[in-house]
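Dear colleague,

Please find below the structure that I am handing over to you, with its sequence. My notes on what was found in it follow directly after.

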Amino acid sequence: ANILGIQAAQHAFPELKHVAVFDTAFHQTMPSHAYRYAIPAEYYEKHGVRRYGFHGTSYRYVAQEAGRVLNRDSNRLALVIAHLGNGASISAVLNGKSQDTSMGLTPLEGLVMGTRSGDIDPSLFSFLSENFAMSVEQTTNMLNRQSGLLGLSGLSNDCRTLEAAAKEGHAGATLALEVFAYRLAKYIGAMTVACGRLDALV
């Protein structure tokens, strides 16, 4: 779908330069100890299985804005930046460069999100297969589209709805918000380790 859009733009504006900006590019500065998975090396070396991260264009902009707001050179700051929304991630940005981020090979890894589970035990796939005859596709769909805030609350993936329901005593909404905040707090600590120090949490 994205290629079709590029081709249409090239056809409509052949005289203009066309540039592709990849969401993962900002995280290419992560050290190998941050982007490698602890699996046999051949999967990385032959197939590129590693952590790539996402939301890179947002992180680059926010890091620069943080420097402006703090009246500091963003290339001399240690920042932990949380990109929170229906798709959520967090990143350690040291001196303008990504040191680590919560999303991995796909956007499913990391924080609890609107409908995505975030970090889970990978053996869940075999557990659900053996006990409930769920296929890999069914489990992947469940983890991406039926989990996160929606799955925990049984109500919604929208924090506004969940906050209102929690005030009314809805147990699922309360639990969803607590899990979301707890996992986020754990990741803030982890990303501070990746930076080595912390000048600002954004």
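Helix α9 (residues 171-195) lies across β1, β2, β3 and β4, and runs at about 20° to β2. Helices (H or I, at least four residues) and strands (E, at least two) are DSSP runs, numbered from the N terminus. Axes are lines fitted to C-alpha atoms, for helices over the stretch in contact, and angles run from 0 to 180 degrees between N-to-C directions; contact means heavy atoms within 4.5 Å. Helix α4 (residues 56-70) also lies across β1, β2 (89-94), β3 and β4, and its direction is at about 125° to β1.

Please note that this is a predicted model, in which local features need pLDDT of at least 70 and side-chain atom pairs count only at pLDDT 80 or more, while totals for chains, interfaces and linings use all residues. Residues are numbered from 1 along each chain as its sequence is written, and side-chain values use heavy atoms, with hydrogens and water left out.

Ala173 is buried, with a relative accessible area of 0%; here buried means under 20% relative accessible area, exposed over 50%, and partly exposed in between (1.4 Å probe, protein chains only). Leaving aside neighbours within four places in sequence, Ala173 is in contact with Ser153, Leu155, Leu162, Ala165 and Ala166. Between the C-alpha atoms of Ala173 and Leu149 there are 8.0 Å, and the two residues are 24 apart along the chain.

The sheet

The 4 strands form an open sheet in the order β3-β2-β1-β4, with mixed pairing. Because β3 (97-101) and β4 (200-201) stand at the edges, each with a single partner strand, one side of each is left without a neighbour in the sheet. Two strands are said to pair if DSSP finds at least two bridges between them.

Strand β1 (residues 78-83) pairs with β4 in the parallel sense, over 2 bridges. Within this pairing, Val80 has Leu201 of β4 as its bridge partner, and Leu79 stands opposite Ala200 in β4. With β2, by contrast, β1 pairs in the antiparallel sense over 6 bridges, and His83 is opposite Ser89 of β2. A hairpin of 5 residues joins β1 to β2. How many residues of β1 are buried? The count is 5 of the 6, so β1 is largely enclosed by the rest of the structure.

Individual residues in loops and helices

Most residues other than glycine have a negative phi. Phi of His55, however, is positive, near 65°. His55 is placed in the loop between α3 (41-47) and α4, and counts as buried at 14% relative accessibility. Ala133 is not a glycine either, and has a positive phi of about 55°. The loop between α5 (124-132) and α6 holds Ala133, which is exposed, with a relative accessible area of 65%.

Helix α6 (residues 136-145) contains Asn141. At 28% relative accessibility, Asn141 counts as partly exposed. Asn141 and Arg116 are 25 residues apart in sequence, and their C-alpha atoms are 9.3 Å apart in space.

The chain as a whole

The protein chain has 9 helices and 4 strands, which follow the pattern α-α-α-α-β-β-β-α-α-α-α-α-β along the sequence. Its C-alpha atoms fill a box of roughly 50 × 40 × 40 Å, taken along the principal axes. The protein chain has 202 residues, of which 33% count as buried. Among its contacts with a separation of 6 or more, 58% are between residues 24 or more positions apart.

The protein chain exposes about 12,000 Å², and carbon and sulfur atoms supply 56% of this area; the areas come from the Shrake-Rupley method with a 1.4 Å probe, and for residues only the protein chains shown count as cover. Its side chains include 17 positive and 17 negative ones, and the centres of the two sets lie 8 Å apart. For this count, Lys and Arg are positive and Asp and Glu negative, while His and the chain ends are not counted; the place of a charge is NZ of Lys, CZ of Arg, CG of Asp or CD of Glu.

Yours sincerely
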